[in-house]
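Hello,

Here is the structure you are taking over. Please look through it first, then read my notes below.

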Amino acid sequence: MAQTIELEIFRYRPEQESEPTLQSYEVPYNEEWVVLDAINYIKDEIDGTLSYRWSCRMGVCGSCGMMVNGVPRLTCAAFLKEYYPRKILVEPLDGFPVERDLVTDMDMFVAKLTSVSPWIIRNEGEEKPLEEGTYLQSPGELAEYKHYSMCINCMLCYAACPVFALDTNFLGPAAIAIGQRYNMDSRDQGRDQRQEVIASHDGIWHCTLVGECSTVCPKDVDPAGAIQRAKLSSTTDYFKDLLMPWGRRT
Amino acid sequence: MAKSNEPIFWSLFSAGGMIAALVLPTLMVITGLVIPHGFAPLDALSYERVHAVVSGSIVVKLVLFGVIALPFFHWAHRFKFTLVDVGLRKISLLLAVLCYGSAIAGTVFTAVVLWRI
Ligand code: SF4
Ligand code: FES
């Protein structure tokens, strides 16, 4: 018989059970398969009731994040051969409420993301009229924020963050990194507005620089670095305001 | 959203961290290895010499003050967050008072001792 591998999958169907359970599935082992392929196999061939999110299958959409043997991974980038012949435990992302099986409720994350106004903000009246063309940017200016802009909102960093696990009020890695992405953008003028959220108590200050977010990030966004930079610049702001209150930025 | 006072503690924490990472190991090597193992004259750090250097210069006193006091704040911040993270979140205000209070007490004590030398 062809080789197989065992997947143990977190199941939770609120209409039929009050507590989550684990269910085991035996799937064919294929060297080229990723965990998502195995889950798709289960859904198509063994048990159509399994619910989970995925879309691109190529590490771009950010929707297939799950806990694989306790580590937050994009299941489309986690190869079965990394685990074979051990069995693989698949659970929903840590830190978020579970809606059903492997599907988590992302509302909390979306609210955090929206709170940092993740778009380019121009001062009133300083918006360039369309006919004047685009805002030009040098390669150096692009390099300032480019790696932050690679974030695919997969939330792996939240699932890895022990601070977020203890206090979900924490704004968290990706939202701060994305805030920084716009703050560092030469075309943007919205930093002061974002600081209201980022420099607040629940913004950057819960972070104790554990660094797990940067370890698990599949896109090398380095949210931990973004948070450190935000701490430094917020501290500079704070002392500037303290020493030179007349120079207060509006 | 309420403005946070965290920058005060974070900057003291960071400054203390720099000292804990760079200056304290150097001092440990000098006082723990170099001198006891005879790589430098034994009396290089004799009481009389050190006392003369410290008592004679306000700059040396200020440097010592920073080197001694800032790591207190590094400890206070780290320790407070560690206690909060192991489950004492509910009393985090009390912890802040105790930890930063100890650091402030240590700082005042350091200042008094240095002043008197
Ligand atoms: S920072 Fe990295 S881990 Fe976090 S959401 Fe963005 S891509 Fe995912
Ligand atoms: S399915 Fe899109 S990132 Fe994995």
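**Where the chains meet**

Chain B and chain A bury about 1600 Å² between them, and 61% of that is on carbon and sulfur atoms. Buried area here is the accessible area, taken with a 1.4 Å probe, that two parts lose on being put together, summed over both. This is a predicted model: local features need pLDDT of at least 70, side-chain atom pairs count only at pLDDT 80 or more, and totals for chains, interfaces and linings use all residues. Residues are numbered from 1 along each chain as its sequence is written, chains are lettered from A and ligands numbered from 1 in the order in which they are written, and side-chain values use heavy atoms, with hydrogens and water left out.

In this interface, 14 residues of chain B are in contact with 19 residues of chain A (contact means heavy atoms within 4.5 Å). The rule finds one salt bridge across it. A:Asp167 pairs with B:Arg89, with the closest N and O atoms 3.0 Å apart. A salt bridge is a side-chain nitrogen of Lys or Arg within 4 Å of a carboxyl oxygen of Asp or Glu.

On the chain B side, α1 (6–34) and α3 (58–88) are the elements that give two or more residues. These are DSSP runs, numbered from the N terminus: helices are H or I of at least four residues, strands are E of at least two. α1(B) gives the most, with five residues. By class, this side has six nonpolar, three polar and five charged residues. Ala, Val, Leu, Ile, Met, Phe, Trp, Tyr, Cys and Pro count as nonpolar, Asp, Glu, Lys and Arg as charged, and the others, Gly among them, as polar.

**Inside chain A**

Chain A is assigned domain 1 (4–104) and domain 2 (107–247). The bounds come from an automatic or database domain assignment. Their C-alpha centres lie 31 Å apart. The two domains of chain A bury about 1000 Å² between them, 74% of it on carbon and sulfur atoms. In domain 1, A:Pro72, A:Leu74 and A:Phe96 lose the most area to domain 2, together 45% of what that side buries.

**Around ligand 1**

The residues around ligand 1 include A:Cys151, A:Cys154, A:Cys157 and A:Cys217 (near means a heavy atom within 4 Å). The shell divides into eleven nonpolar, one polar and no charged residues.

Best wishes
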